[in-house]
Structures are given as C-alpha cells and as structure tokens.
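Here are a few exercises to work through with the model open in your viewer. Try each one yourself before reading its solution.

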Amino acid sequence: MTTTMTSASRGGFGYRHPRMRLAGLLTPPMLWLVVIYLGSLAALFLTAFWTVDDFTGQLVRTFTLDNFVEVFTNSSYYVVILRTIGIALLVTVFCMALGLPLAFFMANVAPVRWRPVLVALVLTPLWASYLVKVYAWRAMLQPQDGVLAWFLGPLGLDGPGYGFVGIVITLTYLWLPYMILPIYAGLTRLPVSYLDASADLGARNARTFRSVVMPMVFPSIVAGSIFTFSLSLGDYITAQIVGGKVTMLGNVVQTTYVTNLPFAAAVATIPVVIVLMYLFAVRRSGALDNL
Amino acid sequence: MHTTRLLKIAAVGSIAAITLAACGGSSDSSSEAAGGDAGGAPANEAYAGPVGDGEGAVNILAWPGYVEDGSTDPAVDWVTPFEEATGCTVNLKTFGTSDEAVKLMQGGGWDVVSASGDATLRLIYGDNVQPVNTDLVPNYADIFDGLKMQKFNSVDGVAYGIPHGRGANLVMWNTDKVTEPIDSWAPTFEADSPYKGAVTAYDSPIFIADAAVYLMATQPDLGITDPYALDQDQFDAAMALLEQQKELIGEYWSDYTKAIQAFNSGTTAIGTSWQVIANLAQAEGGAVEATKAKEGATGWSDTWMVAKDAANINCAYKWLDWIVSPEVNAQVAEWFGEAPANAKSCDLTSQSDFCDVYHATDDAYWTDVYYWNTPTAQCLDGRTDVQCVPYSDWATAWAALRS
Amino acid sequence: MSLSRGTKVILSLVALVAGAFIYVPLGVILINSFSSSRSLTWPPTGFTTEWWGKTIDNEGVRNALWTSVWVGLVATAVALMLGTLLAFALGRYRFFGRETVSLLVVLPISLPGIVTGIALNNVFTSFLGGLTIWTLIIGHVTFCIVVVYNNAIARIRRMGTNLEEASADLGASAVRTFTLVTLPMMRSAIIAGAILAFGLSFDEIIVTTFTAGPGITTLPIWIYQNLFRPNNAPIVNVVAAILVIVSVIPIYVAQRISSDDDRGAGVM
C-alpha cells in the first residue's frame, strides 16, 4: 500500500517539497547500491572482454570476445552449467517437498501456542555456522565410516559418498529454513475468513486448498525458491567439502579467478544472467514482495 | 519529477565514470614481456640497507608449515622467538597453490612471500617483487650453492630471493586401504588401478607436469625432457593421461589439512602428497606411508621474496635472515619434511641423519626431481623448433579438466 | 479450514521427518564436540569435555569472534540507515523507475556471493590499492541493506499514513513526526531487520574471503582455516555448538518483538 504524501498546509520544508524529501531519502542508499555495487559489477563485466598476458598473468586491456567464445564452445563448460542448474532445481524441488508440509503443519495443524517455539526451532539452525553444517555433512556422508553409513550399514547399504548426491542433500539441508519461513509467513497471513467463506460456499478441503490457499501462498513459495535456487547456483564451498571431484559453476569461477580474471568474469556472467531471468520471470507473481 | 530524473542521470553517469576509469586506469601495468628469462625484468632497486629497527610488524604470505607459531602444535614455534627478538609481529596468510600466491601478491599489502618456481618468475616479470640485497642477509653465505642464483630465483645475475629449502612431491598411501608396497605412480594413473574412486591429486594446473613426469618414464617416444617444456603434442598426451586419471579420483586437494583428513579417514587411499602431510597424518595416529616414486617426481625449491612496495622492509629483511639461520632452518626442514637450505642446519636437526634422509647434499637424488617452474611459450628445455604451451594455457586446460 | 485426521497425521509425520532432517546433523556436531577422537571418527570412541575448555582458551577464536562482532555491528548500523531510507522512499512514493529500484535492491542477495565477492575485490584492489577491514565492512553492508529493507518496507506498507498525517495536522514538523510517531511504529521491524542483518554478516564467508584485508580473521574465516586441522577441528564443533546455544537469545528477542504485532514481518 503506497500513498503519495500531499503537501500539508502547515509544516516545514519537508512537507512543502516532497520531491526533495524523496531525493534526500533515495540518494545515500542509491549512491551505495549504484556506485559501489552496480559499478563493481559493471567493472567486472568489462574485464570479461579483456585478457591476461600469457606469462605474467597481468591484465591486458584489449577488447576480445575470446573468453565468451571459450565458455560457450568448450563442451566441458556446458556440463558444469547444466550440472549446476540441475543441482539448483533439484534442491529447490526437495526444499519445497519438505518445506511445504512442515510450514503447513506449523501454520494449520500445530496448536497456536506452539508456533513461536516451532519458528524458533526452524530458525536455530540458521545460526549454526554454514561451514560447520557442511562439515557435519562431510562426516555424515562419508562412505563406510560416516554417520549415514553407520545407520544404513545394518540394511546392507552404504553412505552416498561425496559427489552430486552429496551436494544436493547438503544444499537442501542448508537452505530448507529459507524455504520454510516465507511459506509459513504467507500461510499465517492468510485470512481465516477466506477459508470459512470457501467452506460456506461448499468447497471441500482439497478444493479450498487448490483454489484459495495455493494461489495466495504461491508468491511465498516462489520467494523461497528464489533463495534456494540462487544460493545453490553460486555455491562452491559445499562442492569443495562434500562434492568429491564434482564441480559447480562457482568452483570454475573460483579456480580461474586466480590466474585469469577475465575468463572468470565471463563464467560469472552466466549465473548472473540466469538469476536475472528468474527474477524477471517471478516479478509478476509478486514473490518479490514476499521476501 | 526533475529530481528523480536527475538522480537517474547521476546514477548512469557514475556507472559510466567507473567503467571509463577502469578502462583508462593505469594502476595495473600490462607487461609486454613475452616469456623467457632473458631480459625484460622491470628495473627495480634492491633495498640498500642497512637493516634498521623493525617497523613493528611484517605481513607474510607463505606455504602452510613454513611459518609456525605454535597454533598447529604448541612445541613447533619459531615465530614467537622471532617476534620477541625483533619486535616485528608476524601477520601470516597461507595459500594452497602458487596461483593463489601470485594473485594475493598482486592484491598488495604483503611484505614477504615464500614463492615456488612456478610463481617466482611471474612475480618478477609482473613487477610484484623487488631484488633482494643478499649482503643484508648474513646467513645467505651458508646456503647450499646449488640453490643460489637459479633460473627461477634470479634474472641476469640479480638475486630476487633467498632460497628456502627443497623437497619432492611424494606418493602417499593409507596402509589400511593399500596393502601392497608402493614405489610408483602407476596405481594413481593407470586405468586398471585397484583404488578407483579413492585416488587424490594436487588441484593446480602445475600438476600437469606430474603427468608429464609419468609419461617421461612410460612413453619415452614422446620425447619429453623437461616436464615444464611441453609442446602441443606432449601437452595433449599429458592431458589425456589426466582425463584417464580423473576416473580414478575421489577428491582433488589444495588445502593440506583436507588432504590429511582425507588420508586419515580413508576417504583417500593413495595419491600425490607432501612430506609434511604424511608427518602430520602420522602424528594424528593415521596409518600412512609416503615415498618418492621411481619414475621421478615434481618438487619445489622455494624462495623467500620481498614485495615491491613492502611497507615493513626492515622487518622483512630480519625475517629473511631469521628463516635461513641454521637453527630455524633446521626446525622448518624437520617440521615440513624437506631438505634445508642452510648447510649448517644439518648439524642442528634433532634427527641426526636428517640431512642424509632428505638428501640435502646428495645431488644424485635431485636429478629426477623437477622443481616447479613456470612454463613459457619459449621452451624451457631450449628447443627452438617448436613452441611450448605457456602457463596460461595450462591453467585454461586444467579449468576445463576440473569441470 | 478443518483438516481430516488422516491429513493431520500425515502432515505431522512429514513434519517430524523434516524436523529430524534439520536436527540430526546439529546433533552430530554436538556429539562430536565431546568426542575424544581428534579426527572425529564415528561413532565417537570416547567422550571428553577438554575441547570446550580449549576453545575458551584459544586466542585465535577469541580474536576472530571479536572481529566478527565488530564488523557485524558496524555493517548492521550502516545497513540500518541505508535500508530504512530506501524502504521509506520505495514504500511511500511513486516515481518513475521504482520497479527497477526494487529489483536492484534484491540483487546483492540473489546474485551469487562469489560474483559480488570478485567484483568488489577487483574494484578494491584496482582502485583503492588493497583490502582492509573497511573493504570488508563495505562488502557486508551491501547485502545487509537488503535484509533491513525487506523488513522495513513490509512494515511501512502496513502502517499507513494516518497517524503521521494526524501528527502533521496537529502541528508537528516533519522531523518531530518522524521521531515521535513513525520510528516507534517501525521499531520492531527495524530491530528484526537488525538482528537478521547481524546474523547474516556474522556467518558470511564467501564475500568475506574476497574483501577482507591481510590479517583480518572473522569467525567464519577462522573456521574455514581450521575445519580440517586435526588439532582444531573439534574446537570448530564446539564453536558451532556455542553459536547455536547463544543464538537462543536473539531468536527469543525477535520472537517477542514480532509477537508484539499481530503478524510477523517478512523474515528475510
């Protein structure tokens, strides 16, 4: 809900010049975001068109498209890109599969007085260090001697080991709270009167869920998916710790950044473009208001 | 309306300004040096001295294990005595690969770096280091002659650093997982290796040289004489070997602590390693062994270099003299597991035959150890009929391999 | 909406599975912090409290903790100012380009951290000559703004302008209205945003590795360096366990604040 401030009949400078006030409000944060953040992104994008000296590794400022050509023609990089997108999508799906029922449980099944406790329980893992959680999964996934192998041993199974599966499991674990909380917030904001009205009109639970609840909760789900998708797309530390020899886009950027910044910048534009496309696509769904 | 439009114009303008500045800025000088070690080094003056009072701090970039202050093992500490003797507090950052070291040096803020041969020339020609005035380092006189003024730490008779010590990259194995005796790289490269999925390798483009060393023994008709001087055919053969090896690999490592953990827990059964990793793993109760493979190995002969604009130049020189002094060099060599640089250290090691075990004076041992060097287009083995593959292409090929 | 018993049971079971999924790894961390094995073999061969003692004595941890707290506080303070200003601008005014700006604000959190990291690193090393603790803080402020903004704008949208207009009608100047009417209404959203921003900054590793100057060690950097070190790996587990325990405080505070209003603000 927005309102434009109308000039008051009394009051100081601020009231008589709403545009000046807007400028005053906008300038400091915009200076920061545009100059520092966007500016550095633009500078990075610019370096993608440069190259490095063969021997010293110093930047050579001559325009070239070689970096982009290399990324898009060398099939090894297709594999990484597709693999990374695949991981991000899988993680998002799994987070939804686990998070939606849990959020629903918290919002509609659990007694109301449990809610603060449940929210706290979901928030708590966020405060355990990201690195330590990934390391805990390294211990859990270890083949033959890990925690999961210990549980599954009697069943004749082994731990999943390090690799694609390990990465997906770990990333799902890490980002699950980021999916649960927006959905929970969306569900609690759902006016009970809507549900009553739907029931009064004769709809059964399934129909109410499909036609009333889901459309209203959908923006929250999409908001959660923005986090799980983009956080997975750019991650590289998890792959280093539980990925074995499997690499993601972030790893490619990280390893090439030390020797060849222009090439790393070219690779880095790929996840940026993907995320931007995703953000544009979901803008309509109102998810951005539900972050 | 006018103010918001003004804001938008200002925004676009500042982005344009930054990008234009990035275009025209001269803070990075692009070097036109076309490789090779004959001329072209930036003309910098070494510190004339004398070494005066310390500035209070020194910022050191080093390989892990070179600068120990008791935090890894309370009994292993040669930093605190240095700080007490000179008043220079040591600020240390370790790196996992030479590429990281070069990148960090380019970022600035460091005084001293321990650079391997695959970093030294890049730092020299990239104008990141200054020549070292060896007269200001009294202990330099006692260093083995075979380490001084080498191709990778000097240019045209100008010394660019103080030699640190040398060692070979070893093949290491977990004796619980590997019951046969190991003396060769074959189980880490051959497709029929029984350790598929549990092999490890060093995660850096320089590892391509290790594949080349193996090819020198197994495919002599390729004609490789220097694993850092590979023409396109030889390079392609090395990359093919590495693709084959990738099927065997469980994890690559550049963080030595991760390698220790992987070997000890059995995640890794066999692979490339350093002596310090084997030492630490065994200290933790791990069942590991390590040895130099019969096909030969890559290795390192490191050099302490001084950054071009080192702010703490006096502390830097004090550190150089300290780290190659007989007692400290003996401690470092024993901790890291490498041959010391200072000849007098051999009498001071706690293990009396340390220098013999590490072949400090045995030149024959080092004939098949190929110290890390920087591949250039101008072949390092002297061939003029072909172009060799330069390091930047090694890096690109390695990035593609790891994808 | 009245759910059938069957649906409730199924939901409860799934919730239980999800809850177990969330807490088992944390349990592993806690158990390992008491494990007497230094290489953290599983199951633990014995139990000891020596790691807890060693953590408290460990100077590296204490310095890293202090650095993280300091950086977090400064970054949160700056982000609070910038984020709230931005929220007011976008929440109260219509202007050309507002959609674009609201998309721009979300970028620092949605774009991969490594991209932000190398972009900032590139600018800092090329133009500012190097990295310091201030470059680190700049990096943290950039993504903390988003979190503060989200909380603030959610509140602003629900607040309406009636009270502020009433205050103006009664003769208060803009500044007075802001301090006596607007800010108190915003208080809980601002505090929630501050807590989240601090938490984000405290745990951040990716942008941090690219923007921290030489010698600057925040807690995540310390953990990253010691994750695999045999002597310190158990200490890392203890640190994590302590963080979880201590986090009860800000979580409790955030809960109390958000229960002051009828509905919580967006949590991110």
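Two strands count as paired if DSSP finds at least two bridges between them; helices (H or I, at least four residues) and strands (E, at least two) are DSSP runs, numbered from the N terminus. A bit of housekeeping: this is a predicted model, where local features need pLDDT of at least 70, side-chain atom pairs count only at pLDDT 80 or more, and totals for chains, interfaces and linings use all residues. Residues are numbered from 1 along each chain as its sequence is written, while chains are lettered from A and ligands numbered from 1 in the order in which they are written.

**Exercise 1.** Work out the strand order of the open five-stranded sheet in chain B, and find which strands stand at its edges.

*Solution.* Step one: reading across, the order is β10-β9-β11-β8-β12 (chain B), and the pairing is mixed. Step two: β10 (249-253) and β12 (288-291) of chain B each have a single partner strand, so one side of each lacks a neighbour in the sheet and they are the edges. Step three: zoom in on β8 (residues 170-174) of chain B, which runs antiparallel to β12(B) and is joined to it by four bridges. There, B:V171 sits opposite B:T291 of β12(B).

**Exercise 2.** Find the strands that helix α9 of chain B lies across.

*Solution.* Helix α9 (residues 275-283) of chain B lies across β8, β11 (270-273) and β12 of chain B. Then take the angle (axes are lines fitted to C-alpha atoms, for helices over the stretch in contact, with angles from 0 to 180 degrees between N-to-C directions): α9 runs at about 160 degrees to β12(B).

**Exercise 3.** List the buried residues of helix α13 of chain B, then explain why they share a side.

*Solution.* Call a residue buried if 20 or more other C-beta atoms, placed from the backbone, lie within 10 Å of its own. In α13 (residues 391-401) of chain B that picks out B:Y391, B:S392, B:W394, B:A395, B:W398 and B:A399. They cover an arc of only 155 degrees around the axis (using directions from the axis to the C-beta atoms), which puts them on the same side of α13(B). Their cover includes β1 (51-52) and α12 (249-259) of chain A, plus α6 (208-218) of chain B.

**Exercise 4.** Count the residues in contact between chains A and C.

*Solution.* With contact meaning backbone-placed C-beta atoms within 7 Å, 85 residues of chain A touch 79 residues of chain C. On chain A's side, helix α2 (residues 18-47) gives the most, with 14 residues.

Methods:
A residue is buried if 20 or more other C-beta atoms lie within 10 Å of its own, exposed if 12 or fewer, and partly exposed in between; C-beta atoms are placed from the backbone. Two residues are in contact if their C-beta atoms, placed from the backbone, lie within 7 Å.
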